Amino acid sequence: MIEVRSDLTFLSGYHSPQVDVEVRLNTNESPLPPPQAFVDDLAARLHDIKWNRYPDRTATALRSAVAERHQRDPGGVFLANGSNEVLQTVALTYAGTGRTVVCFEPGYQMHAQIARVSGATVATLDRRSDFTLDPGAVREFLASTDPSVVFLTSPNNPTGMSEPIEMVDLILDSCGALLVVDEAYAEFGRWSAIPMIADDRPLVVSRTFSKTWSMAAARLGYLVGPEAIVANLWNTVLPYHLDSVTQLAGLVALSHVEEMDQRVASIVSERERLTTRLDALGARVVPSDANFVLFSPRGGNASATWSSLVSRGVLVRDCSNWRGLSGWLRVTVGTPSENDRFIEALKESRNG
Ligand SMILES: *Cc1c(COP(=O)(O)O)cnc(C)c1O
């Protein structure tokens, strides 16, 4: 039998266990469906799709709407099927065989996987035990590894922490790499690198509709960056990669910004409530700027707590066998009642 590429034998895939439980707080989706007005709007406009024709190859209308949202030019916006495909296109264009990609751990596991699938070598720098990056260590690491691409996630997944904004300049000043700031959770956070984008800086920012926009099912993500870089991404990606339905869904979503902002606000307030409750239960909690919270249950036996929660119908993410995360679990902020169920289940599992 033909064998898989020898540099891909490491791949065990990327799987968040999909256990069938009532309360699913493991993949950082929105706990709520999109607003009904969005669904009705989209359903009505599906009639206009020209099904026999290929989609608009560069998604002109959606690109303009995204550009307008961020006060950029449409030429500086790239779109794809989820931000994972955005990141993959970046890796295919700027990483690949013979090049190095830098990732920071703990971090989003897909960055390293996407880089390796592109053929690149991955160099990983560990965060300090408080999950922050040591600026001096970052500078040295970048100088010695000389990467083509650096992935930085802010707010970071799975820690939930925002990076200090100075880290963007520090990385850009330390090497000649393309810096990709993954802002999958930026709507819940404090700052964005988008205003720092300029034609002469190798800085791009990726965003997704999967979290804030309650649209994980549609697979839509985008990137904002200098036009020259964005043009290269459009050259690499497959023709007609973004189908007409997804383009339309994104466009319709962007006409419901107010509802989305309200959801973000309510998730942020639930996040704060969850943090307080976890704290009161004696867990170690990392203050989060995202829609999830990393915590270490009292006693530190994360895997036992994970199983005990599952047996009570609550699924969270067990991060305890990830590098640097022994003892830690990640819970996505759910609806108030889901969060109550989680807290109750955690209390019960603590009592035996
Ligand atoms: C969820 C997530 C994504 C989103 O991926 P999509 O492909 O857009 O669903 C990207 N980056 C990070 C850090 C994430 O946590």
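Start at Pro158, in the loop between S5 and H6; here helices (H or I, at least four residues) and strands (E, at least two) are DSSP runs numbered from the N terminus. A cis peptide bond joins Asn157 and Pro158, with omega about 15 degrees. Now select Pro155, which lies in the loop between S5 and helix H6 (166-174).

The model on screen is predicted: local features need pLDDT of at least 70, side-chain atom pairs count only at pLDDT 80 or more, and totals for chains, interfaces and linings use all residues. Residues are numbered from 1 along each chain as its sequence is written, and side-chain values use heavy atoms, with hydrogens and water left out.

Next, select strand S5 (residues 149-153) and strand S6 (residues 178-182), which run parallel and are joined by five bridges. Val150 has Leu179 in S6 as its bridge partner. Two strands count as paired if DSSP finds at least two bridges between them.

Contact means heavy atoms within 4.5 Å. In the loop between S7 and S8, select Ser214. Its phi is near 55 degrees, a positive value in a residue other than glycine.

Now colour by domain. The assignment, automatic or from a database, gives domain 1 (6-34 + 258-351) and domain 2 (47-255). Their centres, taken over C-alpha atoms, are separated by 24 Å. In the contact, domain 1 takes part with 34 residues and domain 2 with 31 residues. About 2700 Å² is buried between the two domains, 62% of it on carbon and sulfur atoms; buried area is the accessible area (1.4 Å probe) that two parts lose on being put together, summed over both.

Which residue forms a salt bridge with Asp289? Arg190 does, with the closest N and O atoms 2.6 Å apart. A salt bridge is a side-chain nitrogen of Lys or Arg within 4 Å of a carboxyl oxygen of Asp or Glu. Between domain 1 and domain 2 the count is two salt bridges. Helix H9 (257-280) and strand S10 (292-296) each supply at least two residues of the side of domain 1 that touches domain 2. The largest share of that side, six residues, comes from H9.

Move on to the open sheet of four strands, with order S9-S10-S13-S12 and antiparallel pairing. Strand S9 (284-285) and strand S12 (317-318) are its edge strands, each pairing on one side only. Select Arg284, which stands opposite Ser296 in S10.

Finish with Asp126 and Arg323, whose salt bridge has its closest N and O atoms 2.9 Å apart. Asp126 is in strand S4 and Arg323 in the loop between S12 and strand S13 (329-332), 197 residues apart.
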